[in-house]
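Trainee: Could we go through this structure together? I would like to begin with its charged pairs and then turn to the ligand.

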Amino acid sequence: MQSLIQGFSKLSRDEKIKVLVEQQQLAPEIAASFQSFLHPKQQHLFNDISENIISNFYLPFSLAPNFLINETLYMVPMVIEESSVVAAASKAAGFWAKNGGFQTRVINTIKNGQLFFNWSGNINALNNHNKEIEELIYKTTATITSKMRQRGGGITGIEFKAVPNMANTCQALVKFQTADSMGANFINTCLETIGPELMVYINQHPQLKQEQEATVIMAILSNYTPECLVECKVSCPIEQLQPYAGGYTTREFANRFKTAVDIAINDPYRAVTHNKGIFNGIDAVVLATGNDFRAIEAGAQAYAARNGRYASLTNIELTNEVFEYTLTVPLALGTVGGLTNNHPMTKAAMQILQQPSAEQLMQVAAAAGMANNFAAVASLVTTGIQKGHMKLHLSNILNTFGANEVEKNAAIKHFKDSVVSYSVVENFLKTIRQ
Ligand code: MEV
């Protein structure tokens, strides 16, 4: 067995790479590639983002133009590794821009924090003292919330709950508004300040104190944000759907589309993939703007299962004439704080989006999710997904097989009207190389 590495974090970058190359017996080219992906001028910015950094990891930064959202046109920055996502989003955005655009609205922006504590009393007794406890909380956190309150945020309420199936285990579910920040640090700081004060209050209160003292278990924000919710709607006369109808009539297309959405509402296996298509767009915007994609995914996936069964995040209504398609998704996004203003490319993304508020960014991300989902479902119920997807994936496949420019041009011409797969591209290259 290899020996454990002591003090790795204290080594310089070159020393870390040396240890890595020796331990894993890596080829020298790998060490050289770490060097070549360092930023020539601004590496110091990246060095401060994480730990044990030996290089940078590139992903494409793309633009999807023509997003008409509530009468405003956006160019949407997207960072994603999957070919065809940006193309699909751009095409759908262009289509909807000519058909009323994306109608979006933020339903609410409430975020939650949880303070768990051991206490053997009756939870109703705590809720009966809610007003007094709220006062205590506001007073205790007055200094740390003062800037946030100036920006229109702060703590907005508290509710006590027992943790199901666990004796003597309670939580204070604290509600927050965090203005344009995602708010994780703000929420956690507030909760950690509230905890000890609340325990003193409970332990000294004649009607609340128990034989066993109340003690804090832990305090942390919740990434489940079912009240930090945005809705995005597209709607048009069914006859306008012609560009997406494939070989079908627009009515047939609309019916097939509705069936696909209904399947995603009723079948969890399909719902996960359907929602993944939504997150192709949302995650790409979340990444481009330096937001926490794990938080967004965790919260929205839980929301998709809020009724006890995982289901589609979209809903569809078809009348005789009108196609109306709606996405409702919790997106606790921020446009200040965190990486949003520290990374040169997230700063650029914010400028491209005209320095949006958190609410505007929620709406842009939802529209991107809607665009990608609409495009995916439309392909699935007409041509199938592979035709378009593999065409856009062709250059990746060609790179995998080390194709040069001449071979690439020949392949693009050859596959213009035929189906792309790894094996047919490999065979094609073998033939022209002979
Ligand atoms: C692929 O990244 C996304 C899709 O699977 C989404 C869907 O099936 O709706 C095409």
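Trainee: How many salt bridges does the structure hold?
Mentor: The structure, a predicted model, holds 10 salt bridges. A salt bridge is a side-chain nitrogen of Lys or Arg within 4 Å of a carboxyl oxygen of Asp or Glu. One of them joins the side chains of Lys276 and Glu82, at 2.9 Å from N to O.

Trainee: Which parts does that pair tie together?
Mentor: Lys276 lies in helix α10 and Glu82 in the loop between β2 (72-79) and α4 (85-97), so the pair ties together parts that are 194 residues apart in sequence. Helices (H or I, at least four residues) and strands (E, at least two) are DSSP runs, numbered from the N terminus.

Trainee: What about numbering and confidence?
Mentor: Residues are numbered from 1 along each chain as its sequence is written, and side-chain values use heavy atoms, with hydrogens and water left out. As this is a predicted model, local features need pLDDT of at least 70 and side-chain atom pairs count only at pLDDT 80 or more, while totals for chains, interfaces and linings use all residues.

Trainee: Now the ligand. Which residues are around it?
Mentor: The residues around the ligand, with a heavy atom within 4 Å of it, are Glu82, Arg270, Thr273, His274, Lys276, Gly277, Asn280, Ala376, Leu380 and Ile385.

Trainee: Which element gives the most to that shell?
Mentor: Helix α10 does, with six residues.

Trainee: And how far are the side chains of Arg270 and Lys276 from ligand oxygen atoms?
Mentor: An N or O atom in the Arg270 side chain is 2.8 Å from a ligand oxygen. For the side chain of Lys276, the distance is 2.6 Å. Both are polar contacts (a pair of N or O atoms within 3.5 Å).

Notes. Polar contact = N/O pair within 3.5 Å; in protein donor to acceptor, adjacent residues only side chain to side chain.
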